[in-house]
Amino acid sequence: FLQRFVAPEAVPYDNSARNATIHATWSPYNCMVEQRVNKVKLDSKRVGTSAKVNVASNRVETIIVSRHTKLHRKISHQCKLVADHIKATSTDQAEETNMTCY
């Protein structure tokens, strides 16, 4: 999984740029995908950098991504590919029963 940080200057005409991340909880039977958006604006001068980028569950607004979206399907598929890869490359044929991915 790859992450890319986009600085607030790179977001044109948006003075409310906030750190956001995708959080997925996957099992072979279910996948829950949510977008977590920090409550603090990235250009805020009142708090430190760690508070601006923290995506702990108590510091964010959580938006559930509908399972009918292309984003949800792609993330679910990638999680399955990772689980299949772990099973195929482990010496004891380990099987992933769940994953939490950011």
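Is Cys 79 buried or exposed? Cys 79 counts as buried because its relative accessibility is 0%, where buried means under 20% relative accessible area, exposed means over 50% and partly exposed lies in between, with a 1.4 Å probe and protein chains only. This is a predicted model, in which local features need pLDDT of at least 70 and side-chain atom pairs count only at pLDDT 80 or more, while totals for chains, interfaces and linings use all residues. Residues are numbered from 1 along each chain as its sequence is written, and side-chain values use heavy atoms, with hydrogens and water left out.

**Confidence**

- The protein chain has a mean pLDDT of 83, with 84% of its residues at 70 or more; pLDDT is the predictor's confidence in each residue, from 0 to 100.
- Within the protein chain, confidence is highest in α2, at 92, and lowest in helix α1 (residues 49-53), at a mean of 81; helices (H or I, at least four residues) and strands (E, at least two) are DSSP runs, numbered from the N terminus.

**Strand pairing**

- β1 and β2 pair in the antiparallel sense over nine bridges, where two strands pair if DSSP finds at least two bridges between them.
- These two strands, β1 and β2, form a hairpin with two residues between them, and Thr 21 stands opposite Arg 36 in β2.
- On β2 there is also an antiparallel pairing with strand β3 (residues 60-64), over five bridges, in which Gln 35 has Ile 63 of β3 as its bridge partner.

- The largest nonpolar core has 10 residues, among them Ala 24, Trp 26, Cys 31, Cys 79 and Cys 101; a nonpolar core is a set of buried Ala, Val, Leu, Ile, Met, Phe, Trp, Tyr and Cys residues joined through side-chain atoms within 4.5 Å.
- At least two residues of this core come from each of β1 (18-27), β2, α2 (70-89) and β4 (99-101), and α2 gives the most, with three residues.
- In soluble globular proteins, nonpolar side chains tend to be buried together.
- Ala 24, leaving aside its neighbours within four places in sequence, is in contact with Met 32, Val 33, Ile 75, Met 99, Thr 100 and Cys 101, contact meaning heavy atoms within 4.5 Å.
- The structure holds zero disulfides, a disulfide being a pair of cysteine sulfur atoms within 2.5 Å.
- Cys 31 counts as buried because its relative accessibility is 4%, and its sulfur is too far for a bond because the closest cysteine sulfur, in Cys 79, is 5.1 Å away.
- Cys 79 is likewise in no disulfide, with the nearest cysteine sulfur, that of Cys 101, 3.9 Å away.

- Asn 38 is found in strand β2 (residues 30-41) and counts as buried because its relative accessibility is 1%.
- The side chain of Asn 38 reaches the backbone oxygen of Ala 51 at 3.0 Å; a polar contact is a pair of N or O atoms within 3.5 Å, and within protein one must be able to donate a hydrogen and the other to accept it, while residues adjacent in sequence count only if both atoms are side-chain atoms.
- Not counting residues up to four places away in sequence, Asn 38 touches several residues, including Arg 18, Asn 19, Lys 52 and Arg 59.
- Arg 18 has its place in strand β1 and counts as partly exposed because its relative accessibility is 30%.
- Although 19 residues separate Arg 18 and Val 37 in sequence, they are 6.5 Å apart in space, C-alpha to C-alpha.
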